[in-house]
Amino acid sequence: MANSTIRVATDVGGTFTDLVCFETDDQGVSIIRTAKSDTTPPDFEKGVLNVLAKGEVDPSTIDFLAHGTTVVINALTERKGVKVGLITTRGFRDILEIARGNRPDFFNLHYKKPEPFVPRYLRKELPGRMNYRGEELEPLDLAGLQEILDTFRSEGVEAIAVCFLHSYANPSHEQAVTAQIASSWPQISVVSSHQITREWREYERTNTAVLSAYVQPIAERYLSRLKDGLASRQFHGSPYIMQSNCGVDSLESVSRIPITMVESGPASGFWGAAELGKLINEPNIIALDIGGTTAKCSLIENGQVKIMTDYWIEKDRTSAGYPIMVPVVDLVEIGNGGGSIAWVDDFGKLHVGPQSAGAIPGPAAYGKGGTQATTTDANLYLGRINADYFCGGEVEADMDAAEKAIGAVAHKLGVTAHEAASGIIRIANNNMVNALKLVSLNRGFDPRDFTLVAFGGGGAMHAVALAAELGVKKVVVPAGASVFSAWGMMMSDLRRDYFVTRLADLGAGAASGIEQLFSETEAQARSQFEGEGIDVERVTFLRFGKFRYQNQEHTTEVLLPVGAVTDDRLGEISDLFHETYEREYTYRLDAPVEMVGIHLVASAQVGKLTMAAEPLGPDDPAKARKASRVVDYSLEGSHETEIFDGPILKPGMALEGPAIIEDPGTTIVIHPNCQAKIDAYGNVHIHLNS
């Protein structure tokens, strides 16, 4: 195609590695190619190269490449990082051990705090002290640094984390230590807390620096191998890496602070949902991503994806987990996906997840040796998934193995195999409904005011049932739903989030200091972008403030109105805080409002995709009708169901439920008494009847 531009996104998931390729001309999208291949741990870059080959994409022709990966979160959860040493302020080496007092398992007398990622003998101290204003109370003494480094060498330390008290306000002590380490031991990987975040809370900052150091060599090697592998296939550019804040960043920048991509996969999907909402005029969305291992959900209000820094890994009912103070999309994640294992406990109660069959051996129906029933096996058994078109016809479903696995569950429960399969689906749905409530009802939002956008390999199979439970009136399944996270990367801007802690009462005279802080941070962002060859005229900003009622502990973030912060506008900002606080907590206080810090979002477009609408055709879907079969819809019972070929459905076509749309990457289950229509972009809109 003459004058075409080729944009590619690859997303490494727990089970599959996805690819989306758009070849566009001046009139819009002309050719779209998608592909999936197995994820290849620990050499994840091989899966990326494999999926490029499978999608018949020549790397030498790619103009823009975005990449998301699970390498960071995998290294953390599987404890496959490197040996880390910590250098901190004298008297604070045990901050990782002390942690917080938020014991989730409160009545467990044998409760143990999570084990720190750095043992005590590798946590070292240096004299020197700042106060919370960034004023030096005690000069930094580097006399003992060389002895610390010698100890780290002898102990086989591969990365060093540096975190001093109040370095968010003044990082000069951290900078001095980092410079000295670079001079004395240039080969070692070093991470300072101020490079990652300028927010207060010493435990969270320290742990973030430690975890970033823990994964940095792993991520750096992975990204280097990925870049070299692409270069060996004649890719002439540099890939952009998806981050947890819904933006992409340069490979070089992410290599320095890889902890920013801890949740890059989910972030791209939720950003894609927000961008899709703008295309189809649906600004308020609950986004649901069901993959092979997990289900994730997030709420999008007025087209804005909420970003937070209060992010924890491995936090559950029995463990406090570990904080990571980097900008991450506000999401809830549960262990319920297509590969989630159904099991019966000692009391005869059925559970689904969080254990997963993963890619190997996978669900029993994959025929790779799996013997335990999963959500996918139950969907096959109930006729929701076509056994003759399993994984788009690429895998021959082992129905004997699936039936045997479900039969084993049924035997333990004392029910029929059909009842067991239906129970597995209902429990999986119940688990996911609870997660959806956490991002909506628990945050003060009525899910009936939102549209559910479902994607991932399993999203479309469960979406209508979940929407009915929540009272949601409309479900949208995006075109290419199974690789939608990769599509979301195509819609992402180059983005960086800047958080700065600065206390200020919202009283007369405060505006000038707040405006100065924003202006200084914007200048810093422009300088960074300009240093990387990005035209500063393309950089745009969003301003957020982090506020609280005076003397409260935690903050509420508020998007500030466009324009400079002036004393005349402080009242408007205060009112916005009161409204946001009341929506989330159901009340407001008659108390002074205090700003704790700012959150600045700096963005620049770097090859963002523009979608072109197709004209709507006739509504008769007869050309796409391929067969019919009996499908069990659980609560609605079994129905004879028309089956439609997804790739043949065209914009304008309309369907009546019960119906099934079979796409190579996913199956869209349309329940009885629902209507579906294909929009101008190929998305499926499903309307539920109340």
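This note sets out points on aromatic pairs, charges over rings, one glycine and the cysteines.

1. The model is predicted: local features need pLDDT of at least 70, side-chain atom pairs count only at pLDDT 80 or more, and totals for chains, interfaces and linings use all residues. Residues are numbered from 1 along each chain as its sequence is written, and side-chain values use heavy atoms, with hydrogens and water left out.

2. The whole structure holds 16 aromatic pairs (Phe, Tyr or six-membered Trp rings with centres within 6.5 Å; planes under 30 degrees apart are stacked, over 60 edge-to-face, the rest tilted). One of them, Y549 with F577, is edge-to-face at 4.9 Å and 70°. Y549 belongs to strand β26 (residues 540-549) and F577 to helix α16 (residues 570-585), as assigned from DSSP runs (helices H or I, at least four residues; strands E, at least two; numbered from the N terminus).

3. F577 also pairs with Y581, with centres 5.6 Å apart and planes at 50°, so this pair is tilted. Both F577 and Y581 are buried (under 20% relative accessible area; exposed is over 50%, partly exposed in between; 1.4 Å probe, protein chains only). Ring pairs join F547, Y549, F577, Y581, Y585 and Y587 in a cluster.

4. K626 lies over the face of Y389, 4.3 Å from the ring centre (NZ of Lys or CZ of Arg within 6 Å of the centre and within 35 degrees of the ring normal).

5. G652, in the loop between β30 (638-645) and β31 (654-656), is buried at 3% relative accessible area.

6. There are zero disulfides (cysteine sulfur atoms within 2.5 Å). C21 is buried at 1%, and C163 is buried at 1%.
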